[in-house]
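This report describes the overall build of one protein and then turns to a single residue. Please keep the sequence and the structure in view while reading.

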Amino acid sequence: MDSLTTAFRSGQKPSFPAEAGTLEYAQSLDQQDKLGHLRKEFNIPTRTSLKKKALNGVSPGENDSEDEKSIYFVGNSLGAQPKAVRRALESQLETWASIGVNGHFSTLENSPLSSWQDLAESCARKSVDLVGAAVPEEIIYMNTLTANLHLMMASFYKPTAERHKVIIEWKPFPSDWYAIQSQIRHHNLSPSTSLIEIQPTPDLYLTTESILATITEHAPSTALVLLPGIQYYTGQLLDIKTITAHAHSLGIPCVGWDLAHAAGNVPLCLHDWNVDFAVWCTYKYINAGPGSTAGLFLHQKHHSRNLDRLEGWYGADKSVRFLMEKEFKPGKGASGWQLSNPSAIDLASVSAALGVFESVGERYMERLRGKAVVLTGYLEYLLEGLIREGVGRKGEKQAFRIITPGDPLERGTQLSLMLREGILEGVSKVLAEEGVVCDARKPDVIRVAPVPMYCRFEDVWRFVEIFKGALARV
Ligand SMILES: Cc1ncc(COP(=O)(O)O)c(C=O)c1O
């Protein structure tokens, strides 16, 4: 496996030998996988637990055989549960029950968590390498992604008669779309004149050239460029560095990124790439649990600016937060954008989930990425085999095509499969019956994400066998 990862580092796509289509080959990659032990740190739903209808006090865990576990390929939607999250929640509940309100300022010895007052900042410290910040003060955990996007737009989207446009891509996640549209209307402007959408090729690919060209065309009237690090539907990873630099070079004052599908999935260097702000959720590749507290990055260069912001008492510097003064003295950097007392229960999950990344050791994102490139490359290789064999083909029409870019540098772990019209429901049903958890985006797309932290090469091989059977059946 090392040679496949090394090939990627030197700019080549992993290439697989003739025997790669066998289960034995997949298992041999698992045996070589230096990150394979991480799977034990997660509770993966089992085929039986997925059918559960009532609580019974039993969660999937230690005693489940590998055969019993589902093929959990849906970390692009909700990551699997780290065992550390349960431990952190239990210690938080014990802390609350034992010392009550004092938990705000002190913590119990041997607790994995800091006091509730420090928890958001402690999560920020744990995330410096995750997103490539220069200092922890560039990061804060608070609210949800959409709420943080609104807060950033309140500070950075200050339209004038000359500069009022927001540049986005053709299919932003609906919540971003609603947030941006409503911000534009909030300023008494119309999305019909102030919103610019970058169009993809007929293959749903966003070329960097077309992104740069749209930015160039509208630069003088653009107030904000807001793009996804990874496009949620196609799984395309955009060139954040080049796009950000291009927009800045043309005088566009702010370039923001939605990193919902990128954080914890691909290495990021937000500070060095000069990104103005970024927002991400923590329930996908960060595995902190459904609706867990979101992350925000605000570049250091903005910290000393007197930016307008929507304020709340937790944004006040810790030294004055409890003095109950009317004057607002913001905390350092991104923390000054906090509004409310955050949920220490939610942040306990985030902290524990980030701890799993740290446990990988130095340069953990690079190491995870090294495996991810081979894992997703292997999935692509086997799927291309099905296309070559014409599995499920009807006349001229193939059963599916991969709409995620083929270049590993242009994607994360997810592959999006566009199925032939009318077969999505049937295929999804078979996948679910066979213990595969992935997600379907109607009308025709299945998204599959083998996440390197807890997925195996054997899972990839088994998934492709099941998918093949499903295509043959429908
Ligand atoms: C790309 C993208 N942006 C935004 C969101 C919304 O995040 P939140 O519910 O935390 O506001 C999601 C949720 O899945 C998403 O995938």
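The protein, seen here as a predicted model, contains 15 helices and 15 strands. Its radius of gyration is 23 Å, close to the 23 Å that the globule rule gives for 474 residues, so the protein is as compact as a globular protein of that length. The C-alpha trace spans about 70 × 60 × 45 Å along the principal axes.

Of the 474 residues, 57% count as buried.

The following table gathers values for the protein as a whole.

| Property | Value |
|---|---|
| Accessible surface of the protein | about 20400 Å² |
| Share of that surface belonging to carbon and sulfur atoms | 52% |
| Positive side chains | 49 |
| Negative side chains | 54 |
| Distance between the centres of the two charge sets | 3 Å |

One residue may now be examined in detail. Serine 349 is located in helix H12, which covers residues 344-359. Is serine 349 buried or exposed? The relative accessible area of serine 349 is 8%. A residue counts as buried when this value is under 20%, and serine 349 is therefore buried. Which residues does serine 349 touch, if those up to four places away in sequence are not counted? Serine 349 is in contact with Val85, Leu89 and Ala288.

Technical notes:
Residues are numbered from 1 along each chain as its sequence is written. This is a predicted model: local features need pLDDT of at least 70, side-chain atom pairs count only at pLDDT 80 or more; totals for chains, interfaces and linings use all residues. Side-chain values use heavy atoms; hydrogens and water are left out. Helices (H or I, at least four residues) and strands (E, at least two) are DSSP runs, numbered from the N terminus. The radius of gyration is taken over C-alpha atoms; the globule rule is 2.2 Å times the number of residues to the power 0.38. Buried means under 20% relative accessible area, exposed over 50%, partly exposed in between (1.4 Å probe, protein chains only). Accessible areas come from the Shrake-Rupley method with a 1.4 Å probe; for residues, only the protein chains shown count as cover. Lys and Arg count as positive and Asp and Glu as negative; His and the chain ends are not counted. The place of a charge is taken as NZ of Lys, CZ of Arg, CG of Asp or CD of Glu. Contact means heavy atoms within 4.5 Å.
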